[in-house]
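Okay, thanks everyone for coming. Let me put a structure up on the screen, and then I'll walk you through a few parts of it.

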Amino acid sequence: GIEDLPGKKVISVSGTTSADYLREQRIIFHGVETIEEAYDLLESEEADAIIYDAPVLQYYAATSNNPSLQLVGTPFNAEFYGMALPPDSPYKEELNKAILEIIENGTFEELINKWYLSDLGQ
(Lines give C-alpha, C1' and ligand atoms only; values in the text may rest on other atoms or scores of the structure.)
Protein backbone atom coordinates (compact mmCIF):
# COMPACT_ATOMS: atom_id res chain seq x y z
CA GLY A 1 0.00 0.00 0.00
CA ILE A 2 0.89 3.64 -0.02
CA GLU A 3 2.23 3.25 3.50
CA ASP A 4 4.95 0.91 2.18
CA LEU A 5 6.52 3.51 -0.12
CA PRO A 6 8.39 5.87 2.22
CA GLY A 7 12.09 4.98 2.11
CA LYS A 8 11.75 3.16 -1.22
CA LYS A 9 13.06 4.33 -4.58
CA VAL A 10 9.76 5.23 -6.25
CA ILE A 11 9.42 6.24 -9.90
CA SER A 12 6.52 7.87 -11.74
CA VAL A 13 6.05 9.74 -14.98
CA SER A 14 6.25 13.49 -14.46
CA GLY A 15 3.13 15.52 -15.15
CA THR A 16 0.71 12.61 -14.67
CA THR A 17 -2.07 12.07 -12.19
CA SER A 18 0.10 9.34 -10.63
CA ALA A 19 2.85 11.88 -9.91
CA ASP A 20 0.26 14.31 -8.58
CA TYR A 21 -1.11 11.63 -6.26
CA LEU A 22 2.34 10.81 -4.89
CA ARG A 23 2.98 14.49 -4.30
CA GLU A 24 -0.35 14.86 -2.48
CA GLN A 25 0.56 11.89 -0.29
CA ARG A 26 4.00 13.40 0.37
CA ILE A 27 5.77 10.39 -1.09
CA ILE A 28 9.23 11.24 -2.40
CA PHE A 29 9.67 9.98 -5.95
CA HIS A 30 11.82 10.43 -9.01
CA GLY A 31 9.95 11.75 -12.04
CA VAL A 32 10.84 10.55 -15.53
CA GLU A 33 9.66 11.76 -18.92
CA THR A 34 8.37 8.43 -20.25
CA ILE A 35 7.12 5.16 -18.83
CA GLU A 36 9.90 3.39 -20.76
CA GLU A 37 12.45 5.27 -18.66
CA ALA A 38 10.68 4.03 -15.54
CA TYR A 39 10.79 0.45 -16.83
CA ASP A 40 14.53 0.75 -17.48
CA LEU A 41 15.15 2.00 -13.92
CA LEU A 42 13.10 -0.83 -12.44
CA GLU A 43 14.76 -3.48 -14.60
CA SER A 44 18.24 -2.19 -13.68
CA GLU A 45 17.21 -2.25 -10.00
CA GLU A 46 17.69 1.51 -9.68
CA ALA A 47 14.05 1.72 -8.54
CA ASP A 48 11.95 -0.34 -6.16
CA ALA A 49 8.52 0.57 -7.54
CA ILE A 50 6.74 2.34 -10.36
CA ILE A 51 3.51 4.14 -9.55
CA TYR A 52 1.48 4.66 -12.72
CA ASP A 53 -1.70 3.57 -14.50
CA ALA A 54 -2.46 -0.01 -13.48
CA PRO A 55 -3.45 -1.30 -16.95
CA VAL A 56 -0.19 0.00 -18.44
CA LEU A 57 1.89 -1.60 -15.69
CA GLN A 58 -0.10 -4.81 -15.87
CA TYR A 59 0.58 -5.09 -19.60
CA TYR A 60 4.29 -4.45 -19.09
CA ALA A 61 4.58 -7.04 -16.32
CA ALA A 62 2.77 -9.60 -18.49
CA THR A 63 4.90 -8.99 -21.60
CA SER A 64 8.33 -8.10 -20.17
CA ASN A 65 9.75 -11.65 -20.00
CA ASN A 66 10.87 -10.84 -16.46
CA PRO A 67 9.06 -13.21 -14.10
CA SER A 68 10.19 -11.25 -11.03
CA LEU A 69 8.03 -8.24 -12.00
CA GLN A 70 4.58 -8.15 -10.49
CA LEU A 71 1.81 -5.77 -9.55
CA VAL A 72 1.15 -5.78 -5.83
CA GLY A 73 -1.58 -4.40 -3.65
CA THR A 74 -4.64 -2.60 -4.83
CA PRO A 75 -4.85 0.58 -6.90
CA PHE A 76 -4.25 3.68 -4.80
CA ASN A 77 -6.51 6.09 -6.59
CA ALA A 78 -9.37 5.10 -8.90
CA GLU A 79 -9.51 7.08 -12.11
CA PHE A 80 -11.86 7.07 -15.01
CA TYR A 81 -10.94 6.77 -18.65
CA GLY A 82 -12.77 8.42 -21.50
CA MET A 83 -13.16 7.87 -25.20
CA ALA A 84 -12.93 10.70 -27.66
CA LEU A 85 -15.23 10.80 -30.66
CA PRO A 86 -15.48 13.42 -33.36
CA PRO A 87 -18.16 16.06 -32.80
CA ASP A 88 -21.57 14.81 -33.92
CA SER A 89 -20.30 11.22 -34.16
CA PRO A 90 -23.08 8.81 -35.14
CA TYR A 91 -21.58 6.30 -32.67
CA LYS A 92 -21.90 8.41 -29.51
CA GLU A 93 -25.39 7.34 -28.47
CA GLU A 94 -24.82 3.69 -29.38
CA LEU A 95 -21.52 3.60 -27.48
CA ASN A 96 -23.04 5.27 -24.40
CA LYS A 97 -25.90 2.76 -24.37
CA ALA A 98 -23.51 -0.19 -24.71
CA ILE A 99 -21.32 1.04 -21.84
CA LEU A 100 -24.32 1.61 -19.58
CA GLU A 101 -25.67 -1.83 -20.45
CA ILE A 102 -22.47 -3.69 -19.51
CA ILE A 103 -22.24 -1.69 -16.27
CA GLU A 104 -25.87 -2.40 -15.35
CA ASN A 105 -25.85 -6.11 -16.26
CA GLY A 106 -22.60 -6.86 -14.38
CA THR A 107 -20.45 -7.61 -17.43
CA PHE A 108 -18.12 -4.69 -16.70
CA GLU A 109 -17.42 -5.93 -13.17
CA GLU A 110 -16.86 -9.47 -14.47
CA LEU A 111 -14.31 -8.18 -16.99
CA ILE A 112 -12.48 -6.17 -14.32
CA ASN A 113 -12.36 -9.22 -12.06
CA LYS A 114 -11.22 -11.52 -14.85
CA TRP A 115 -8.61 -9.35 -16.56
CA TYR A 116 -7.41 -7.07 -13.81
CA LEU A 117 -8.06 -8.22 -10.25
CA SER A 118 -7.18 -11.85 -10.99
CA ASP A 119 -3.67 -10.76 -12.01
CA LEU A 120 -3.30 -8.95 -8.70
CA GLY A 121 -4.09 -12.12 -6.80
CA GLN A 122 -7.49 -10.91 -5.62
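**Aromatic pairs, a sheet and a helix**

So, let's start with the rings: there are two aromatic pairs here, counting rings whose centres lie within 6.5 Å. Keep in mind that this is a predicted model.

Take Tyr21 and Phe76. Their ring centres are 6.1 Å apart and their planes sit at 20°, so this pair is stacked. Where do Tyr21 and Phe76 lie? Tyr21 is in helix α1, residues 17-24, while Phe76 is in the loop between α3 and α4, so the pair ties together parts that are 55 residues apart in sequence. Tyr21 is buried, with a relative accessible area of 13%. Phe76, on the other hand, is partly exposed, at 31%.

Now for Tyr39 and Tyr60. Here the ring centres are 3.6 Å apart and the planes are at 5°, so that pair is stacked too. Tyr39 belongs to helix α2, residues 35-43, and Tyr60 to helix α3, so parts 21 residues apart in sequence get tied together. Are these two buried or exposed? Both Tyr39 and Tyr60 are buried.

Okay, on to the strands. Three of them make an open sheet, in the order β2-β1-β3, and the pairing is parallel. At the edges you have β2, residues 30-32, and β3, residues 49-50, each pairing on one side only. Strand β1, residues 10-13, pairs with β2 over three bridges. If you want a spot to look at, find Ile11: its bridge partner in β2 is His30.

Next, helix α4, which covers residues 92-104.

Ala98 lies in α4, and at 38% relative accessibility it counts as partly exposed. Between Ala98 and Gly7 there are 45 Å, C-alpha to C-alpha, and they are 91 residues apart in sequence.

Together with Met83, Ile103, Phe108 and Ile112, Ile99 makes a nonpolar patch of about 450 Å². Which elements give two or more residues to that patch? Those are α4 and α5, the latter being residues 107-115.

That's my tour, so over to you.

Technical notes: Residues numbered from 1 in each chain as written. Predicted model: local features only at pLDDT ≥ 70, side-chain atom pairs only at ≥ 80, totals over all residues. Heavy atoms only, no water. Patch = residues over 30% accessible without salt bridge, like charges linked within 9 Å, V, L, I, M, F, W, Y side chains within 5 Å. Areas by Shrake-Rupley, 256 points an atom, 1.4 Å probe, with all protein chains shown as cover. Salt bridge = Lys/Arg side-chain N within 4 Å of Asp/Glu carboxyl O. Helix = DSSP H or I, 4+ residues; strand = E, 2+ residues; numbered from the N terminus. Pairing = 2+ DSSP bridges. Buried < 20%, exposed > 50% of the residue type's maximum accessible area, 1.4 Å probe, protein only. Phe/Tyr/Trp six-rings, centres within 6.5 Å; stacked < 30°, edge-to-face > 60°.
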